[in-house]
Amino acid sequence: MKFKLVPEAPDTVAFVADAQAAVPLVPGSEDDCCARLMRRLGLRSRDVARTWLTFLRALDLADETEDGFKRLRADPTPAYLREQFLTGVYGAGDVADALLAADAEGKSDPDRESDPDEANGLAADEAFAAFVDRVPNWERYRTDDWESVWRERVERHLAWFVLLDLAERRGDAYVATDRLRDLRERASEDADG
């Protein structure tokens with residue numbers, strides 16, 4: 001199962017480990033877990049804490065059981081988080097593919113004046129345009145402002161890509177890193193074989 005909620009990217013990857021540590025090992029209610037996240041991480045609201053709790057589930061760092069939410073004993077290393085982000089967060093793979101397609105398109109464009117070895121960037125609006133068809137229909141009817149909700153999610157994906165060294169930000173554009181290329185190639189090989 002993939003999860004849609006993505007919090008704002010923190011300043012460091014270590015924040016994810018702190019968030020995971022705030023979830024109890026012994027299952028607790030959503031209210032208790034959100035209160036712990038707010039208290040330990042200084043989150044500004046219960047909604048932000050709930051988003052983090054859902055996001056930790058997407059990263060396979062927390063789980064929801066019949067008795068409540070509990071911390072899983074996975075080690076949130078950067079390599080682990082990269083893999084889990086791409087496989088557990090709804091749309092992350094699509095945004096990754098859009099970054100890679102922009103990179104490939106830029107390298108193959110003969111009219112391009114810049115260095116052909118230099119990657120072509122993708123602006124956040126372009127990433128959203130590449131992703132918009134993947135927004136579930138029921139989400140489109142859930143709110144009148146669904147485009148801004150999903151545009152913000154795509155922007156958060158991109159910020160997480162930068163934090164996890166899957167992309168670099170160059171001005172207003174994002175460029176895929178070799179790490180992202182390697183991860184997607186490996187995932188493609190695993191799916192084929």
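This is a predicted model: local features need pLDDT of at least 70, side-chain atom pairs count only at pLDDT 80 or more; totals for chains, interfaces and linings use all residues.
Local features need pLDDT of at least 70 and side-chain atom pairs count only at pLDDT 80 or more, while totals for chains, interfaces and linings use all residues. Residues are numbered from 1 along each chain as its sequence is written, and side-chain values use heavy atoms, with hydrogens and water left out.

Strand β4 (residues 167-170) runs antiparallel to strand β5 (residues 173-176), and 4 bridges join them. Strands pair if DSSP finds at least two bridges between them; helices (H or I, at least four residues) and strands (E, at least two) are DSSP runs, numbered from the N terminus. E168 stands opposite V175 in β5. The two strands form a hairpin with 2 residues between them, and G171 in the turn has a positive phi of about 65 degrees.

Helix α1 (residues 14-22) contains Q20. Leaving aside neighbours within four places in sequence, Q20 is in contact (heavy atoms within 4.5 Å) with L56, L61, R71, L72, A74 and P76.

The largest pocket holds about 490 Å³ of space. A pocket is an open set of points on a 1 Å grid over the protein atoms alone, where a 1.4 Å probe fits, with protein on both sides within 12 Å along at least five of seven lines; lining residues have an atom within 4 Å of a point. The volume is the space filled by probe spheres set on the points, which are joined across faces, edges and corners. Of the 18 lining residues, V6, P7, E8, T51 and R156 are the closest to the pocket centre. Helices α3 (46-58) and α8 (146-163) are the elements that give two or more residues to the lining, and α3 gives the most, with 5 residues.
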